[in-house]
Structures are given as C-alpha cells and as structure tokens.
Amino acid sequence: MFSCMISKAATVDVICNCEGDNWDGAAQLMFAELQLLTPVVGMREVYFVRYCKQLSADQWAIVDVSVDKVEDNIDASLVKCRKLPSGCILQDQSNAHCKVTWVEHLECQQSTVHSLYHAFFMATNVPSKDSTGVATLAGRKSILKVAQRMTGSFCRAIAASSYNKWNKIHSKTGDDIRVASRKNLTDPEEPLGLILCAASSVWLPVSRHVLFDFLRDVTCRHEWDIISNGGPMQSIANLAKGQDRGNAATIQAMKLKEDTWILPRYLHKCL
C-alpha cells in the first residue's frame, strides 16, 4: 500500500502474541526503511514497537514508537531518525470502505534533512465519482490497476534503499544529479536486464497548485516532456479518484510516426 514510502519492512520479534486471528493487544518489534521520492533525502532506518488495540466493534488503533536500543552493535545511522508516537485509527464505514486517520511523527537530525524538504504533507480521504473516456467498469478497473503498477514501479526506481543506492555525478551546469543502476531478472512488469535511472530535485518559485496544474495540463505537456518531441497531445480518458479534479488517472495520446499513449497517474494530495 505504501510503496512510495516504505522500501523494506520486517517483524524482528513478537513481544505479545494474541490468540487466533484477534490482534487486540498484539505488540511487535519491527524494522522499516522509510523513503521520499527524491535522491537528495536519504533513506531512514528505524526500529520501533507496534501496538494494536481494538477501541470498539468497528474501530482499531495502531501505535508505533521507536525504541532507544535494540542491540549493542546497532548501526549508528539509526539514531539519526526516530519514530515519536505515531500510528493510525481505522474505522469501518459499513459500506465496504474503511476510514484511515494517519499521523506520522518523526524526529530527524537537522543536518540530515535537505533544505528542500523541511516541510510536512497531509492527505485526506475523498469519495469516488464518475469517470469519462472508458465505458465499462471492468475497463476502468483494468486501467487503474495498470496505473497502480506503474506508480509502484516508479516508486521502486526513484526511491533509495539499502539495495538501490544513488551515486552523485558531476554535471557541467552544477546541478545535483544522481544515478542508480539495478538488474531485473524475473519481474515481467519491467524490462529485463540492466535498468539505469537518473534523477534530480529542483525548487521552483511557484505554488504547488500552479505547478500541479501545469504538469497535468495536456496542452502544456510538450513544454517539459521530452518524449512528446514538442508535438501536441490529446487527452483520451480521465478516471477520477475523488472529488478533487486533480486526483485522477489519465490517458494521453500524441501524434508521432506511430500513435503513442501515455498513462500518467496524478495524486494531487501528495504535492
């Protein structure tokens, strides 16, 4: 569910195990690698205790908090980031949906956070609404699954982890450019063989709403997308994911020697 934030997670030890499938009162020692979608913010490693509590028949709470010392030879890099009391509340909505309220409270050493990312983000739940361009429900579900796989693939490619480290390269313009390489031997959703990724983060002096509208405007895509080769593009379908018109998956086509379709997935609340 959180491929863009968590690159690896594991249960280290079970502190309190509950009987059967009831997780009320369960406590576990866990390890996770946390990440942002940029190479200029390093991957965070945290050990924390996760505690589950059933508040009512249709409401659960999950609380995470870092532990100060797990073992004597623990990596010194782990002390650079700690989970202060964090977690979520899950509430059954009785309509096959679940409302999730999530609070993430991290404490990091100031010197380890790039100045571009001294900020926080907020996401809210939004209901679904009708879509255009795809006639059937099965077709819409199929396209959204493709968009989800593309999003997960992009997150795995761009985010750092202990298995995917970025190397800084020198450029003539002095820009902070990072490259990473990895091999794909079995995953059918990506090209087989060596995969090379390059990324850079920049700051633009405009509001996030202006930037987001510019990036999703099909008439402006040729101004920044090198794949379009400067040619015009056309919106084929728009699959809305909520009340906010920016939260949607779209299909765009461009006229080259052969018709080419692009399927970008926009997550407005992540900006």
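# Salt bridges, strands and surface

Trainee: Which residue forms a salt bridge with Arg221?

Mentor: A salt bridge is a side-chain nitrogen of Lys or Arg within 4 Å of a carboxyl oxygen of Asp or Glu. For Arg221, the closest N and O atoms of the pair are 2.8 Å apart. The partner is Asp225.

Trainee: What kind of model do these values come from?

Mentor: Residues are numbered from 1 along each chain as its sequence is written, and side-chain values use heavy atoms, with hydrogens and water left out. Local features need pLDDT of at least 70, side-chain atom pairs count only at pLDDT 80 or more, and totals for chains, interfaces and linings use all residues, since the model is predicted.

Trainee: Is Asp225 buried or exposed?

Mentor: Buried means under 20% relative accessible area, exposed over 50%, and partly exposed in between (1.4 Å probe, protein chains only). Arg221 has 8% relative accessibility and counts as buried. Asp225, at 9%, also counts as buried.

Trainee: Which residues do salt bridges that share partners join into one network?

Mentor: Side chains of opposite charge can pair when their charged atoms come close. Here, salt bridges with shared partners make one network. Its members are Arg50, Asp64, Lys83 and Glu104.

Trainee: Which side chain makes a polar contact of 3.4 Å with that of Arg221?

Mentor: A polar contact is a pair of N or O atoms within 3.5 Å; within protein, one must be able to donate a hydrogen and the other to accept it, and residues adjacent in sequence count only if both atoms are side-chain atoms. Arg221 is found in the loop between α2 and β12 (233–240). Its side chain makes a polar contact of 2.8 Å with the side chain of Asp225. The contact of 3.4 Å is with the side chain of Gln252.

Trainee: How many residues apart are Asp64 and Arg50?

Mentor: The structure holds nine salt bridges, and one of them joins the side chains of Asp64 and Arg50 at 2.8 Å, N to O. This pair links distant parts of the chain, with Asp64 in strand β4 and Arg50 in strand β3 (residues 44–56). Strands (E, at least two residues) and helices (H or I, at least four) are DSSP runs, numbered from the N terminus. The separation is 14 residues.

Trainee: What relative accessibility does Arg50 have?

Mentor: Asp64 is buried, because its relative accessible area is 1%. Arg50 counts as partly exposed, and the value behind this is 23%.

Trainee: Which backbone nitrogen does the side chain of Ser66 reach?

Mentor: Ser66 sits in strand β4 (residues 59–66) and is buried, with a relative accessible area of 11%. Its side chain reaches the backbone oxygen of Tyr47 at 3.4 Å. The nitrogen, reached at 2.6 Å, belongs to Lys83.

Trainee: Which residue in β11 is the bridge partner of Arg178?

Mentor: Two strands pair if DSSP finds at least two bridges between them. Strand β10 (residues 177–184) has a covered face that includes Arg178, a buried residue with a relative accessible area of 16%. β10 pairs with strand β11 (residues 193–200) in the antiparallel sense over eight bridges. The partner of Arg178 there is Ala199.

Trainee: Which residue in β10 stands opposite Ile169?

Mentor: Strand β9 (residues 167–169) and β10 pair in the antiparallel sense over three bridges. In a regular strand the side chains alternate between the two faces of the sheet. The uncovered face of β10 is Ile177, Val179, Ser181 and Lys183. Opposite Ile169 stands Ile177.

Trainee: What is the phi of Ala96?

Mentor: Most residues other than glycine have a negative phi. Ser94, not a glycine, has a positive phi of about 60°. Ala96 lies in the loop between β6 and β7 and counts as exposed at 83% relative accessibility. Its phi is also positive, at about 70°.

Trainee: How many disulfides are there?

Mentor: A disulfide is a pair of cysteine sulfur atoms within 2.5 Å. Cys16 counts as partly exposed at 35% relative accessibility, whereas Cys52 counts as buried at 13%. The disulfide count is zero.
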